[in-house]
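Open the model in your viewer and keep the sequence panel beside it. Each stop below says what to select and what is there.

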Amino acid sequence: MPPVTSSNTRPPVVDTDPADPHVIATRAWLDKAVIGLNLCPFAKAVHVGGRVRYRVSAATTVDALLADLGDELNLLAATDAESIDTTLLIHPQVLGDFLDYNDFLDVADAALDALGLADVLQVASFHPHYQFADTEADDISNYTNRSPYPTLHLLRHASVDRAVQAFPDAAAIFDNNIATLRRLGHAGWQRLMRDDDAGAEPPA
């Protein structure tokens with residue numbers, strides 16, 4: 001696997017068309033699940049403020065994805081947070097197998113180190129087949145991290161730190177999310193994610 005390099009050795013990063021179906025599906029998931037179910041209390045502000053960047057990678061190999069990841073990490077680090085606070089790098093054509101995707105997260109962390117950005121940025125994980133350790137594949141708790149497509153979430157440490165400080169009980173978020181999804185259930189999740197249920201209310 002080739003080392004990740006600075007983006008100045010590659011063509012300029014191209015923005016993804018907002019009408020791209022992968023972006024539309026990811027935005028709908030963000031609206032309905034991540035924000036609608038309050039799975040991430042920090043997401044709404046950057047979403048409403050238009051500070052989430054959506055990039056759909058055309059990569060079909062791990063090496064090509066790594067190159068795109070390097071580009072996006074460099075771009076995020078070089079851009080003011082008021083313009084782009086966080087990036088969702090969607091890669092529908094590679095790492096569809098969750099175990100392969102999970103292994104790639106170590107590669108992503110190594111890329112942060114190689115670029116000298118480990119103290120500035122971090123990479124979080126979302127996948128259609130996400131599975132926490134010691135859970136069954138169909139455990140509803142896995143849906144806290146299940147996105148429409150394999151996705152790498154690029155975050156600023158500073159933004160995460162501020163969000164955690166502003167939230168009185170950040171440590172309880174994971175447990176709250178599991179409780180929310182258990183109340184919702186698989187059938188409720190499917191209803192929530194259907195196009196005709198865009199206005200459905202989250203469970204009480």
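The tour goes from the whole chain to single residues.

**Before you start**

This is a predicted model, in which local features need pLDDT of at least 70 and side-chain atom pairs count only at pLDDT 80 or more, while totals for chains, interfaces and linings use all residues. Residues are numbered from 1 along each chain as its sequence is written, and side-chain values use heavy atoms, with hydrogens and water left out.

**Stop 1: the whole chain**

Show the cartoon. The protein chain has six helices and four strands. Here helices (H or I, at least four residues) and strands (E, at least two) are DSSP runs, numbered from the N terminus. Their order along the sequence is α-α-β-α-β-α-β-β-α-α.

Of the 204 residues, 45% count as buried. Buried means under 20% relative accessible area, exposed over 50%, and partly exposed in between (1.4 Å probe, protein chains only).

Among contacts in the protein chain with a separation of 6 or more, 74% are between residues 24 or more positions apart. A contact means heavy atoms within 4.5 Å.

**Stop 2: helix α3**

Select residues 62-78, which form α3. At 1.5 Å a residue, its 17 residues should span 24 Å, and its end C-alpha atoms are 24 Å apart, which agrees. The expected span is 1.5 Å times one less than the number of residues.

Colour by burial. Buried residues of α3 include Leu65, Leu66, Leu69, Leu73 and Leu76. Asp68 and Glu72 are also buried. What covers the buried residues? The cover includes β1, β2, α4 (98-114), β3 and β4.

Threonine 79 is buried, at 18% relative accessible area. Leaving aside neighbours within four places in sequence, threonine 79 is in contact with Ile84 and Arg156.

**Stop 3: the salt bridges**

How many salt bridges does the structure hold? There are five. Each is a side-chain nitrogen of Lys or Arg within 4 Å of a carboxyl oxygen of Asp or Glu.

Select arginine 53 and glutamate 72. Their closest N and O atoms are 2.8 Å apart, in a salt bridge. Arginine 53 is in strand β1 and glutamate 72 in helix α3, 19 residues apart, so this pair links distant parts of the chain. Both residues are buried. Salt bridges that share partners join Arg53, Arg55, Asp68 and Glu72 into one network.

Next, select arginine 51 and aspartate 85. Their side chains meet in a salt bridge at 3.8 Å, N to O. Arginine 51 is in the loop between α2 (43-48) and β1 (52-56), and aspartate 85 is in the loop between α3 and β2 (86-90), 34 residues apart. Arginine 51 is buried at 18% relative accessible area, and aspartate 85 is buried at 7%.

Then move to arginine 182 and aspartate 139, a salt bridge at 3.5 Å, N to O. Arginine 182 lies in helix α6 (residues 173-193) and aspartate 139 in the loop between β3 (121-126) and β4 (151-156), so the pair ties together parts that are 43 residues apart in sequence.

**Stop 4: the aromatic rings**

Show Phe98, Tyr101, Tyr130, Phe132 and Phe174, which form one aromatic cluster. The structure has six aromatic pairs. Rings of Phe, Tyr and Trp (its six-membered ring) pair if their centres lie within 6.5 Å; planes under 30 degrees apart count as stacked, over 60 as edge-to-face and the rest as tilted. Zoom in on tyrosine 130 and phenylalanine 132. Their ring centres are 5.1 Å apart and their planes at 65°, so the pair is edge-to-face. Tyrosine 130 is buried, at 11% relative accessible area.

**Stop 5: two last residues**

Select threonine 180 in helix α6. Is threonine 180 buried or exposed? At 10% relative accessibility, threonine 180 counts as buried. Threonine 180 and asparagine 38 are 142 residues apart in sequence and 9.0 Å apart in space, C-alpha to C-alpha.

Finish at proline 18, in the segment before α1 (21-35). Proline 18 counts as exposed, at 64% relative accessibility. Not counting residues up to four places away in sequence, proline 18 touches Val23 and Ile24.
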